[in-house]
Amino acid sequence: MTATPIQPGIAPAQPTPRRAGRRGRRSDGRAASGFLAPGGLLLGLFVVGPFIAAIVLSLTNWRLVSPLPTQWVGLENYRAIIADSQFWIAIRNNLTFAVLVVPLQTILALAMAVLVNRPVRGRVVIRTIYFLPVVTVMTAAAVIWRLLLTPDGAVNSVLGTITFGALEPNWLTSTTAAMPAVVLVSIWQGAGFQMVILLAALQGVPSDLYEAASIDGATRWQTFRHITVPGIRNALIFVVTVTTILAFRLYDQVVVLPTPAGGPRDATRTMMLEMVQTGFGRQLIGRASAIAVLFFVIVLALTALQRALFRESP
Amino acid sequence: MKTTTRIGALMTAIAITAAGCGSDSAPSAEEPAADPTPTTEQAGPDTTDDDESVAAEDVTADGSTTGDAAACDGEIDEPVTVTAWNHAGQGNEQDLMTEQIADFNAGPGAELGVTVAVEFLPDGTYVETVQSAAATGDLPDALDFDGPFLYNYAWADNLIPIDSCVPDDVERNLLPSILAQGTYDGELYSVGTFESGLGIYASRSVLEENDIRIPTSPRDAWSAQEFDEILRTLQAAGFEHPLDIKWYYGGGATAEWYTYGFSPVIQSAGADLIDRSDYRSADGIVNSPEAVAALELFQQWAEDGLIDLESTDDLPFQEGTVPLSWVGHWLYGPYEEALGDDLVVVPLPDFGEGSVTGQGSWNWGISSTAEEPDAVWAFYEFLLSDEQQLRWSSTIGAPPATQSAAASSELFGPGGDLEIYIDQLSTSSVARPQTPAYPAITESFGAAFANILLGADVQSELDRVADEIEQDLVANDFYPATN
């Protein structure tokens, strides 16, 4: 995925007789579909299938537990959602979250990756520690964070000591601090994952480029700016895209952290939460399906936009 | 080496992303809260009634099971195994239920040829599990469910009426509140095997030191003004936030605590969650001036720091830093252990029309797919026997469901520490509204209550609740009778 010039290990293909080549490619194709089959099957069964079902359901008024007959309602669910102020609050919160998390988390992950890429002792241990939050179940972590973020919790005692009591926000119940709390916890959890991707990319940047740069007398910043960043460009694009997608499916944190779920006065209500509450709380599966479809369209549009803005280098 | 690291990382990335995307379309189990959405009227042509969508099939298949659902005939024809679902419960509830079922299977069950095979399902996702199973017709013969959802299941014909199963003497022995909770549309659908109730737990010595009157029955409960002064007195006496309201219960999965625990505030003021005469409107009821005034007072207490909005467990009351705790019967055990004889339970304050408490808890019904309701009922009757009732109430601390058990209980009987709960249940408790709209009501009111405590405008929050309840009613054609 990185822009590596010519890989020393890959020699130019040997000229082979045409027929053998084609047969080779055909068996390659068979092998490829063999490898694809399990994943494709599961994706079809658990992602594509349910999604098509969601599109169909979104045009009905199916209720979860109800003796009333289900009816086609056309685009009524979509009309109702678009007219619902809470849905727009949810979208706004998702966008706010994405705008905060994507740059902060990417920069932090990049900084961490650069740090653990240096030849220091025990770097494997450090890498593992940075990666630990990723393998922690978010819900479990959020429960712990909930304790840390109480008004008298550990976070506030540290903050209070540093700022002499000037900054001790009520993280979980204040309309202004609830979203930052969710952002904080999300970055803590997500940065390690991106660090690993960026680290892999960093290791793929050819060292002769660095050698050339140092011979040319480039400063460290210049090296970073003109060799490291272009070298890991594709990985960065990947990370930004994935983080944006993940930012939109924000759910666990907003359920567990603030009071009530959805946040003080809807400060952390998100589309996912809206969908689950509509479908399971209010039992309107039809409308929840419509939210799912809208969610898909929004994420697809944003991803397409990003693809258009940042072209990956070949 | 470098290449492999890179590929490995990529594969991980793709795997995690794929897994992530997958979970997008599969909502995990969750909760109610508030949100106003315009109504789903039948915008589509009404003629497309039974469409060919997956949903329609399920619903129709479900509805059609009602016609041939069995009723009790008083006989168990052959040995049967009753499948049962039970919520895992808190503390030792699951252990006790396991023992009770083993005792039933070894005793009366063995005589009747009935074996109960129970499956415990986690609390947090119980409602969603049951709802999904109900939607696909996969319910077990016997199941328990929390009060809020009973009317939904009854309306959807997932449960059968059990009037034919309950012998008269057993029915007469049930607390009126149990019958009230189990009744929908004139028929009995479920029985609770224990009751519930609210009270303010207090430290007797702290109240006495501060010359605070200790009420002994709901008739002489503190008035709201009196309670206001009490809170201020205690704050002045050095308790930073004198009233614990279990604020932390509401943070995670459910808003039901806020509705169960604090709808008595507006009910005591003369308002209610919905118009109970026909269950077709909440406007002018839940957002009436009385409800607004009562909750504005509550909001004032929160604003003045009289309410503890910081605790994340029960320790402050147990350790004596918070002298009053507004909570249900379930904390009697831990509180009694911490405070001993100093613990006193008083009724909730009177906001104008008399002290009110909630009632109702988990209750058992018989699903419409059960083939031998008599066998299921035999199990329920066992749970309602005095012996099992006392065993449950003394271990769990919940008020018994039958009058005979209540009378002979050490805790809940005459002179017992918790006699007040039985007193309240027979005089001043209010059942949850008996409508399938209750899940929407609790979701909406619970969130509004939280917002109000956090400073939101009371009138506009309650207007929103009324509006959301209205929307739910309209979206379900006002829950017409389906039989």
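What follows is a short chat about a predicted model.

User: Let's start with the cysteines: how many disulfides are there over all chains?
Analyst: This is a covalent link, as a disulfide bonds the sulfur atoms of two cysteines. The cut-off for the sulfur pair is 2.5 Å, and B:C72 and B:C165 have an S to S distance of 1.9 Å. Over all chains, the count by this rule is one.

User: How many residues apart in sequence are the parts that B:C72 and B:C165 tie together?
Analyst: B:C72 and B:C165 are joined by a disulfide. B:C72 sits in the loop between α2 (54-64) and β1 (80-87) of chain B, while B:C165 is in the loop between α6 (150-155) and α7 (168-173) of chain B, so the parts tied together are separated in sequence by 93 residues.

User: And what is the handedness of that disulfide?
Analyst: Both B:C72 and B:C165 are buried. The S-S torsion of B:C72 and B:C165 is about 90°, so the disulfide is right-handed.

User: On to salt bridges. Which residue of chain A pairs with B:E443?
Analyst: Opposite charges on side chains can pair when the charged atoms come close. At 4.0 Å, N to O, the partner is A:R282.

User: What separates B:E461 and B:R464 along their helix?
Analyst: These two form a salt bridge, with the closest N and O atoms of B:E461 and B:R464 4.0 Å apart. B:E461 has a relative accessible area of 10%, so it's buried. Because B:E461 and B:R464 are three residues apart in helix α20 of chain B, what separates them is about one helical turn.

User: Which residues are linked with B:E461 in a network of salt bridges?
Analyst: On the chain A side, A:D266 and A:R269 form a salt bridge at 3.0 Å between the closest N and O atoms. Both A:D266 and A:R269 are buried. Linked with B:E461 in the network are A:D266, A:R269, A:E274, B:R464 and B:E468.

User: Last one: B:D457 is in a negative surface patch, so what is its relative accessible area?
Analyst: The patch is formed by B:D457 together with B:D283, B:E296, B:D463 and B:D467. B:D457 lies in the loop between α19 (438-453) and α20 (458-475) of chain B. Patch residues need over 30%, and B:D457 is partly exposed, with a relative accessible area of 44%.

How values were computed:
Residues numbered from 1 in each chain as written. Chains lettered and ligands numbered in written order. Predicted model: local features only at pLDDT ≥ 70, side-chain atom pairs only at ≥ 80, totals over all residues. Heavy atoms only, no water. Patch = residues over 30% accessible without salt bridge, like charges linked within 9 Å, V, L, I, M, F, W, Y side chains within 5 Å. Areas by Shrake-Rupley, 256 points an atom, 1.4 Å probe, with all protein chains shown as cover. Salt bridge = Lys/Arg side-chain N within 4 Å of Asp/Glu carboxyl O. Lys, Arg positive; Asp, Glu negative; His and termini not counted. Charge placed at Lys NZ, Arg CZ, Asp CG, Glu CD. Helix = DSSP H or I, 4+ residues; strand = E, 2+ residues; numbered from the N terminus. Buried < 20%, exposed > 50% of the residue type's maximum accessible area, 1.4 Å probe, protein only.
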